[in-house]
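Please look over the sequence and the structure shown here before reading the report.

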Amino acid sequence: MGSNFTDFGDLVLLIGDFHIPQRASEMPSCFQELLYPTDKIRHVLCTGNVGSKAVLEQLKALGNLHIVKGDMDTGFDFPETKVVHIGDFKVGLIHGHQVIPWGDREALSYWQRKLDCDVLVSGHTHKDSVAEVQGKFFINPGSATGAFQSFCNEVVPSFMLMAVQGPNIVLYVYQEKEGKASVVMSELTMKRDT
């Protein structure tokens, strides 16, 4: 990770749907090299389905961990939802199995309103996505391992880093392609009522 992250405000890792060891053995090595060890991440927002205590301990070592319970997180006592203040943003966190149909923007809007948040982070679809609906942001970091999901033909391993400063978010989407991490940057700006 470049030194420019520390100049941009709060750095937040968005990650989830590991399913280790049930559906995957580990994160891609290119992701592990990027994430471990680092002291730049302030918060970790995990959409759940970690799969094991070992993964949970790795996440705790990265930063201030905020985690919700996935539909496969048996034996873990995580909350169903969580709301965290990061910079100027109120960020809601859910796993995503509660959203029916899965990944549906109208159903996501219901949860955004219910949690009264500016940014809703959810998982479960195992496909990364970023959308803006009526001035609110819907972010899905995908699956950190590329774990199998019954309704996806091909799952590409992914996670996101979110740099927050004032009303701005710079989002870095990391995907594993042929053993290497590729990154795409997006800028999101919160429109405030004047």
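The report below turns to one strand and its neighbours.

## Basis of the model

This is a predicted model, in which local features need pLDDT of at least 70 and side-chain atom pairs count only at pLDDT 80 or more, while totals for chains, interfaces and linings use all residues. Residues are numbered from 1 along each chain as its sequence is written, and side-chain values use heavy atoms, with hydrogens and water left out.

Strand E5 covers residues 89-94, and five of its six residues are buried, so the strand is largely enclosed by the rest of the structure. Buried here means under 20% relative accessible area, with exposed over 50% and partly exposed in between, for a 1.4 Å probe and protein chains only. Helices (H or I, at least four residues) and strands (E, at least two) are DSSP runs, numbered from the N terminus.

## Partners on either side

Strands count as paired if DSSP finds at least two bridges between them. Strand E4 (residues 81-86) runs antiparallel to E5 and is joined to E5 by six bridges, and Ile86 has Phe89 in E5 as its bridge partner. The hairpin of E4 and E5 has two residues between the strands, and Gly87 takes a positive phi near 60 degrees there.

From E5 the chain passes through helix H3 (residues 105-115) to E6 in a right-handed β-α-β crossover, where right-handed means that, with the strands pointing away from the viewer, the path from the first strand over the helix to the second runs clockwise.
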